[in-house]
Amino acid sequence: MHTLVRYLVALCFTFSISHALANTTISPLSTPDHWMLLEYSSLKPNKVVISENRMKIDVNNSASPIIFPFESPQSLKSISLNIKVDGAIDLGDKIQGNKGADDFLFRLGVVYEGDQTLNFFQKAIAAKWVKQLFALAPKGTGVDHISFFNIFSDARLAGKERTHPASELMKEAFKDSLINGTRKQLRWYPNPDKRVLGLWISSDGDDTGSKYSVEISDLQLEQGDQR
């Protein structure tokens, strides 16, 4: 009987440790050198500073992607962050997301692993950002798409989703809004059944000539079971 009790206690302890290890947290802003600050060939880039567990993005009629590649594909249960915006998108009377108004204060995308790859010809003609996207996939795998959680400025978008008209590789969900000068804690939920290759952050003002700044902190990625 004592042997059985010791066995059950050891089994429960092992399960608890395994469960704890399978559900840990990643803090991307604690490793600023791991972020990749990219540029679009035809657009003025944003000014980006990452330090002290914060990221500051200054937008001035500009746009550029910010990527955090994972060392290996991850399952994510949730993404949480604290965000503040100073300034606003100058939409005028345009519908946000349409041609001439496709600027958003903040997009956070998760790059899902998939089967799509680029052949030699596609690599030769693909835009630089597309090549970078597919470069996130480990050898022998590919990309499915980027799933973006967007902060919207146009109330007509609330709760809607779309495939971006410029590329089927980009899916967007218009999740939250943010008032100029305020700070907000957000939590978003990726698909836990898909493996994520990295994060893709975007803030843009090139379509509307907008000027504003974004500050994010306390960016935490809750991992799911790593299969």
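**Note on the open sheet**

1. Strands β2 and β5 run antiparallel and are joined by two bridges. Helices (H or I, at least four residues) and strands (E, at least two) are DSSP runs, numbered from the N terminus, and two strands pair if DSSP finds at least two bridges between them. Met36 has Ile67 in β5 as its bridge partner.

2. This is a predicted model, in which local features need pLDDT of at least 70, side-chain atom pairs count only at pLDDT 80 or more, and totals for chains, interfaces and linings use all residues. Residues are numbered from 1 along each chain as its sequence is written, and side-chain values use heavy atoms, with hydrogens and water left out.

3. The open sheet has seven strands in the order β2-β5-β12-β7-β8-β10-β9, with mixed pairing. At its edges are β2 (36-37) and β9 (161-163), each pairing on one side only.

4. Helix α3 (residues 128-135) packs on the sheet and touches β2, β5 (63-74), β7 (106-114), β8, β10 and β12 (196-204); contact means heavy atoms within 4.5 Å. The direction of α3 makes about 115° with that of β8 (axes are lines fitted to C-alpha atoms, for helices over the stretch in contact; angles run from 0 to 180 degrees between N-to-C directions).

5. β5 is largely enclosed by the rest of the structure, because 10 of its 12 residues are buried (under 20% relative accessible area, 1.4 Å probe, protein chains only). Eight bridges connect β5 with β12 in the antiparallel sense, and Ile66 faces Ile201 in β12.

6. β8 (residues 142-152) and β10 (residues 170-177) pair in the parallel sense over seven bridges. Ile146 stands opposite Met170 in β10.

Notes: Buried means under 20% relative accessible area, exposed over 50%, partly exposed in between (1.4 Å probe, protein chains only).
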